[in-house]
Amino acid sequence: VAAFHVPLADVAAVVPRPHAPPVGPCSGYHGLPATDDGFRYPVAHPRFLYLLPKSLLYHLSGDLMARSLQSWYDQTEQTADVFHGCHVYPDGYGLLDLARTHSRPLPAYAHGTIINEFETFNGGTQRRIRQTLRETDTVFCSGTQIAEAIHALEPTASTRVVPIGATPAHFPVERTDTLRQELQVPDDATVVLFCGRFSEAKGIADLLDVLPDLDDLYFVFVGHGGDYRESIRQTLAGDETPAGTVQWKLSPVAVRRWFAVAD
């Protein structure tokens, strides 16, 4: 969750994190500092109780995050001109009361995960997501499909499609030939690039199914997260599939090199 000033260059980020025990799978959250000075802008970590099981109690965790944000804002010396929820839920929901109390604009971003998986949430969480879609000033989303799904859930939602973009100058396309040699791409190969999470939701299973029918192509899979990494490796190693490579957790600069090479 981020509280923005105008101009947008003046930013304060608020990243609520659950309370966590000192040992166990979530112990990394236990020692988080209240503020993190390692960024170009102030980052705060107010704490809240994240209730389990999520399937039954996710709506109450949203309420507790909202209280945490309210308490943090009451104690901070910063004054926001705009609140922005980096996710519709729980971030946007957690800012609703703050925005209403201080008469500040509240946009939020709707990622596909929350909208596409709406039916998997319990009734309390669904009501809170609908409320957020209805009461935020603008719901930003990356594509028309997500916007249509939002309006199906909440017809009164004000949406704006802002495709995820990139700066062309950051991609070294003028070095494509050299990069192909450095990255050991076969001569004259047509490079097909997948970049994303190695998960079923990203269509990986469908792509692996059709790989044997795609000749004379070189497939590059760049990923970070998901359960299909080994399946991709095994498929590309088969005799009936095109050549390719699997890249894992690359730096942004390395990803741009593959984008520059891709056809």
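Strand S11, helix H7 (residues 204-210) and strand S12 together form a right-handed β-α-β unit; a crossover is called right-handed if, with the strands pointing away from the viewer, the path from the first strand over the helix to the second runs clockwise. The model is a predicted one, in which local features need pLDDT of at least 70 and side-chain atom pairs count only at pLDDT 80 or more, while totals for chains, interfaces and linings use all residues. Residues are numbered from 1 along each chain as its sequence is written, and side-chain values use heavy atoms, with hydrogens and water left out.

**Strands and crossovers**

Helices (H or I, at least four residues) and strands (E, at least two) are DSSP runs, numbered from the N terminus. S11 pairs with S12 (residues 217-226) in the parallel sense over 8 bridges; pairing requires that DSSP find at least two bridges between two strands. In this pairing, Val-191 stands opposite Tyr-218 of S12. S12 also runs parallel to strand S13 (residues 243-248), to which 6 bridges join S12. Here Val-222 faces Gln-247 of S13 as its opposite residue. The chain passes from S12 through helix H8 (residues 229-236) to S13, and this β-α-β crossover is right-handed.

**Pockets**

A pocket is defined on a 1 Å grid over the protein atoms alone, as an open set of points where a 1.4 Å probe fits, with protein on both sides within 12 Å along at least five of seven lines; lining residues have an atom within 4 Å of a point. Grid points are joined across faces, edges and corners, and the volume is the space filled by probe spheres set on the points.

The largest pocket holds about 580 Å³ of space. It is lined by 16 residues, of which His-111, Ser-142, Ile-164, Cys-195 and Lys-202 are the closest to its centre. Helix H3 (112-116) and strand S11 (190-198) each supply at least two residues of this lining.

The second largest pocket holds about 380 Å³ of space. Of its 18 lining residues, Tyr-50, Lys-54, Tyr-58, Tyr-89 and Pro-90 are the closest to the centre. Strand S3 (17-18), helix H1 (54-75), helix H2 (88-101) and H3 each contribute at least two residues to the lining.

**Aromatic pairs**

A search of the whole structure finds 13 aromatic pairs. Rings of Phe, Tyr and Trp (its six-membered ring) pair if their centres lie within 6.5 Å; planes under 30 degrees apart count as stacked, over 60 as edge-to-face and the rest as tilted.

Tyr-89 and Tyr-93 form a tilted pair, 5.6 Å centre to centre with 40 degrees between the planes. Both lie in helix H2, 4 residues apart, about one turn of the helix. Tyr-89 is buried at 1% relative accessibility, and Tyr-93 is buried at 13%; buried means under 20% relative accessible area, exposed over 50% and partly exposed in between (1.4 Å probe, protein chains only).

The pair of Phe-198 and Trp-248 is tilted because the ring centres lie 5.5 Å apart and the planes stand at 40 degrees. This pair links distant parts of the chain, with Phe-198 in S11 and Trp-248 in S13, 50 residues apart. Phe-198 is buried, with a relative accessible area of 0%, whereas Trp-248 is partly exposed at 22%.

Ring pairs also link Phe-48, Tyr-50, Tyr-58, Tyr-89, Tyr-93 and Phe-121 into a cluster.
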